[in-house]
Amino acid sequence: MEEGLTSDLMTLQSQLESMLGSVHANSSTLQRFQVFEKELLKHESLVEMLDYILTAQDLFNLDYIGLCLIDAKGELEYFLQEGGFDLLSKPQLIILPDDKLLQATFGLSSRPYVGSYKTAKCADFFAYDKRKPASIAIIPLLRRGKYLGTLNMGSIDPQQFEDSMATDYIEYMSAVVGVCLENQLNFEALTRNSMVDSLTGVNNRHFLEQRLDDEIIRAHSATEPLSCFYLGIDGFQQLNDEYGRAVADQVLIAVAAVFAHS
Amino acid sequence: MRYTGEIFIVLLANTDQGQAQEIAQSIRQTVKEIQFSAAEFLVTLTISIGIAIYKTSGST
């Protein structure tokens, strides 16, 4: 009888210890998420934010963190280039021209893929330079029902990601990444659009005002010459009066195209 | 960049006066070759360009 009680007690104790272990593990995971989230919200530029996400593997004790981002209009690549982001040195950022790969991977469910690394399903999402991850999570980044891309995590530990595990944390994390990413992309697009002439697609006066001082300072410190020319279309007013505004606009577009491409 | 109306400004980093003149001439030439058809007329365009150089050594 007493023996039975002792054994029950020991079972209970070991259950309690294992539960406490889970509680501690969860609490430490939560803390790491909070650190990550706070950092993510702090960044003021797209490039800064991407740099942070792509180097966050140590924070989560992972061996790999990467992103796939959809860039249908080439805007993202432009922003990255402008921001001095070196795509070649960051192969974990994979740029996709459309969402075909994601449609094929997630189907209609848009549920994360969590489990063992299967080359056929996973190879397109991972650009690892050392060891192939054994277990992975591919989490869709969605905003307003559209794919922005995926957040890809990998570990050489086959047990780190198992298909039976709860995905609340990583889904929450991908929601935060999605919002932050969309926000930064919108901000970059807004800044960019305010500096472009909508008719000709070349930069506008606002851009010149913003950029001229920087260019002069740069030329000065690099002791490089800086040239500027002022280009006017002869008889433009007459052209406008004679052929109408639509033609005049076409002329502006044609002339702008000449120097935009030279 | 488009400055205002039919006026554009082209800013050329690390370009001296000679190079800027060459670029300006080539743009002028290219624009001249655009045969622009408006209604039933063919319009030939010409442009005028003025150049300014900022030299790090001082005077412009």
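## Cavity lining

A:Phe33, A:Phe36, A:Glu37, A:Tyr172, A:Met173 and A:Val176 line the largest cavity of this predicted model. Five of the lining residues are nonpolar. One is charged, and none is polar. Two helices of chain A, α1 (2-42) and α6 (168-193), each supply at least two residues of this lining.

The volume of the largest cavity is about 30 Å³. The count is one cavity of 30 Å³ or more.

## Contact between the chains

Chain A brings 40 residues to the contact, and chain B brings 39 residues. Together the two chains bury about 3,900 Å². Carbon and sulfur atoms carry 69% of that area. On chain B, B:Arg2, B:Phe8 and B:Tyr54 supply 19% of the area buried against chain A, more than any other three residues.

Which kinds of polar link join chain B and chain A? The rule finds six residue pairs in polar contact across the interface, with both residues at pLDDT 80 or more. Salt bridges between chain B and chain A number zero.

## The chain B side

Several elements of chain B give two or more residues to the side that touches chain A. They are the strands β1 (2-4), β2 (7-13), β3 (35-38), β4 (41-44) and β5 (47-54), and the helix α1 (17-33). β5(B) gives the most, with eight residues.

By class, this side of chain B holds 26 nonpolar residues, ten polar and three charged.

Definitions and conventions
Residues numbered from 1 in each chain as written. Chains lettered and ligands numbered in written order. Predicted model: local features only at pLDDT ≥ 70, side-chain atom pairs only at ≥ 80, totals over all residues. Heavy atoms only, no water. 1 Å grid on protein atoms, 1.4 Å probe; cavity = no way out; pocket = protein on both sides within 12 Å on 5 of 7 lines; lining within 4 Å. Points joined across faces, edges and corners; volume = space filled by probe spheres on them. Helix = DSSP H or I, 4+ residues; strand = E, 2+ residues; numbered from the N terminus. Nonpolar A, V, L, I, M, F, W, Y, C, P; charged D, E, K, R; others polar. Contact = heavy atoms within 4.5 Å. Buried area = accessible area lost by both parts, 1.4 Å probe. Salt bridge = Lys/Arg side-chain N within 4 Å of Asp/Glu carboxyl O. Polar contact = N/O pair within 3.5 Å; in protein donor to acceptor, adjacent residues only side chain to side chain.
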